[in-house]
Amino acid sequence: MQWTTQDFEWMTQALRQAGRGLYTTSPNPHVGCVIVKNGQLIGEGAHLRAGEPHAEVHALRHAGINAKGATAYVTLEPCSHYGRTPPCAHALVEAGVGRVVIAMQDPNPQVAGKGIAYLQAHGIAVSAGLLEAQALALNPGFVLRMTQQRPYVRVKVAASLDGKTALANGVSQWITSPAARRDVHHWRARSCAMLTGIGTVLHDDPSLTVREVESHRQPLRVIVDSQLRIPLTAKVLQQGHALIAYATASTNALEDKLARLHTMGVQTLALPNGAGQVDLSALLQKLAEKQINEVMVEAGAVMNGALLQTGLVDELLLYYAPKLMGAAGAGMFALPEYTTMSQSLALNIVDVRHFDQDIRIQATLR
C-alpha cells in the first residue's frame with residue numbers, strides 16, 4: 001500500500017487523540033479517530049472511558065452530515081459487534097464515509113477482521129497497517145491479553161549508577177529526584193494493576209497509589225505473599241482495592257485472616273506452585289481474566305528476578321540517579337550466577353530520558 005504524506009499526518013493526529021485515553025479507558029484499548037474531507041479536518045475524537053462512546057462515534061458527531069464521502073483514520077479496527085456500545089463499523093457505514101484507514105487490526109477474536117469485512121461489504125474502501133507499530137505501542141497490554149491471555153508486565157526499578165536500590169542498612173528513600181518520581185506516577189496511572197512482594201510491604205509499607213497525576217481510578221494493588229504474612233494495617237490494603245496471592249495450606253488461623261481481609265474489601269487467591277510459593281504465571285493469567293491489561297511491578301530484587309527468570313517481564317523502566325551506594329547495597333535483580341555471556345539477558349533500549357540529573361532507561365526483553 002502506498003501511503004501519502006497526508007495519510008501519515010492524519011493517522012499521527014489520530015494516534016495523538018488515542019493518547020487522551022491513556023489513563024482512563026481500561027479495560028478497553030486506547031483508540032483515536034479523525035475524519036478528513038477535501039484535505040480538511042472535519043471531526044476527531046477519542047475513546048475515553050469504558051462504556052462511553054468509542055472514538056469513531058465522537059468523531060462522527062463532530063463531523064455531522066459532512067462525514068458523507070469523507071475519510072476516517074482510526075488507530076484500531078472499528079468494532080462490528082454489540083458490546084456496551086453499538087458497533088462503530090455500523091456507525092461509519094450509516095454516516096456514509098467513503099474510505100477508512102486503519103492502523104492495526106483488532107486482536108479481539110470478536111472483532112478481528114470482521115469490522116474490516118463489514119465496511120468492505122458495504123462499499124467502503126479500507127486500508128490497514130498505517131503506523132501499525134505506533135498503534136501497537138499504545139495498547140501492548142490489550143494485545144497481549146487478547147492473544148496470550150496475560151497482561152503486559154512492566155518492571156520499574158530506581159537505583160544508583162552502581163546498580164543499588166538500597167544501602168546495606170536498608171535505607172532507600174530517596175534515591176531518585178522528585179522529577180523522576182513524578183514520572184513514575186504517570187506509568188502507575190496508565191497501569192491497571194501494581195504488583196509487589198511481601199518483602200517490600202514489610203520493609204517499606206508502600207501505598208502504591210497514583211498521587212502525582214490526575215486519575216479517575218486507582219490501579220488494583222496486587223501483593224505476592226506466599227505465607228500470608230501481610231499486616232492488616234499495611235497501607236497497600238487501606239483503600240480495599242487490593243488482591244493478595246498466597247500459597248500456604250489452610251489452617252484455622254489462615255481462614256480467620258482471610259475472613260478479616262475479605263471484610264476489608266481485599267480479594268485473595270490461593271495459587272501454590274508446588275514449592276510453597278505463588279505461581280506467578282497463574283497469577284498473571286488470573287489478572288488477565290479480571291481484564292487487567294498492564295501490570296507495573298514495584299518490588300525488590302527477589303520478585304524482580306523471579307519474574308525475569310520465568311519469562312514474564314516485557315519491559316523495564318530503570319531510573320538511575322548519579323550516586324554510588326557501595327558494593328554492600330541491595331541489588332536490582334536476584335538472578336542466578338551466569339558463567340557465560342550467552343546466558344545473560346539481552347535487552348533492547350527503546351528510550352532514554354533525563355529527569356533533572358536522573359536517567360530513565362526504557363528497555364524491552366529480546
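Me: What makes the approach of the side chain of Thr251 to the backbone nitrogen of Leu254 a polar contact?

Reply: A polar atom of the Thr251 side chain lies 3.0 Å from the backbone nitrogen of Leu254. A polar contact is a pair of N or O atoms within 3.5 Å (within protein, one must be able to donate a hydrogen and the other to accept it, and residues adjacent in sequence count only if both atoms are side-chain atoms). The model is predicted, so local features need pLDDT of at least 70 and side-chain atom pairs pLDDT 80 or more, while totals for chains, interfaces and linings use all residues. Residues are numbered from 1 along each chain as its sequence is written, and side-chain values use heavy atoms, leaving out hydrogens and water.

Me: Why is Thr251 called partly exposed?

Reply: Its relative accessibility is 41%, and partly exposed is the class between buried (under 20% relative accessible area) and exposed (over 50%), with a 1.4 Å probe and protein chains only. Thr251 is found in the loop that links strand E9 (242-246) to helix H9 (252-263); helices (H or I, at least four residues) and strands (E, at least two) are DSSP runs, numbered from the N terminus.

Me: How do you know that strands E1 and E2 pair?

Reply: Pairing requires that DSSP find at least two bridges between two strands. E1 (residues 32-37) and E2 (residues 40-46) have six, in the antiparallel sense, and therefore they count as paired. Lys37 has Gln40 in E2 as its bridge partner. Two residues lie between the strands of this hairpin, where Asn38 takes a positive phi near 55°.

Me: How do strands E4 and E5 run, and what joins them?

Reply: E4 (residues 99-102) and E5 (residues 125-128) run parallel and are joined by four bridges. Val101 stands opposite Ser127 in E5.

Me: What makes the largest pocket a pocket, and how much space lies in it?

Reply: About 1100 Å³ of space lies in the largest pocket. On a 1 Å grid over the protein atoms alone, a pocket is an open set of points with protein on both sides within 12 Å along at least five of seven lines, and lining residues have an atom within 4 Å of a point. Its lining has 39 residues, and Lys156, Ser172, Thr200, Asp204 and Glu298 are the closest to its centre. Helix H7 gives the most to this lining, with seven residues.

How values were computed. 1 Å grid on protein atoms, 1.4 Å probe; cavity = no way out; pocket = protein on both sides within 12 Å on 5 of 7 lines; lining within 4 Å. Points joined across faces, edges and corners; volume = space filled by probe spheres on them.
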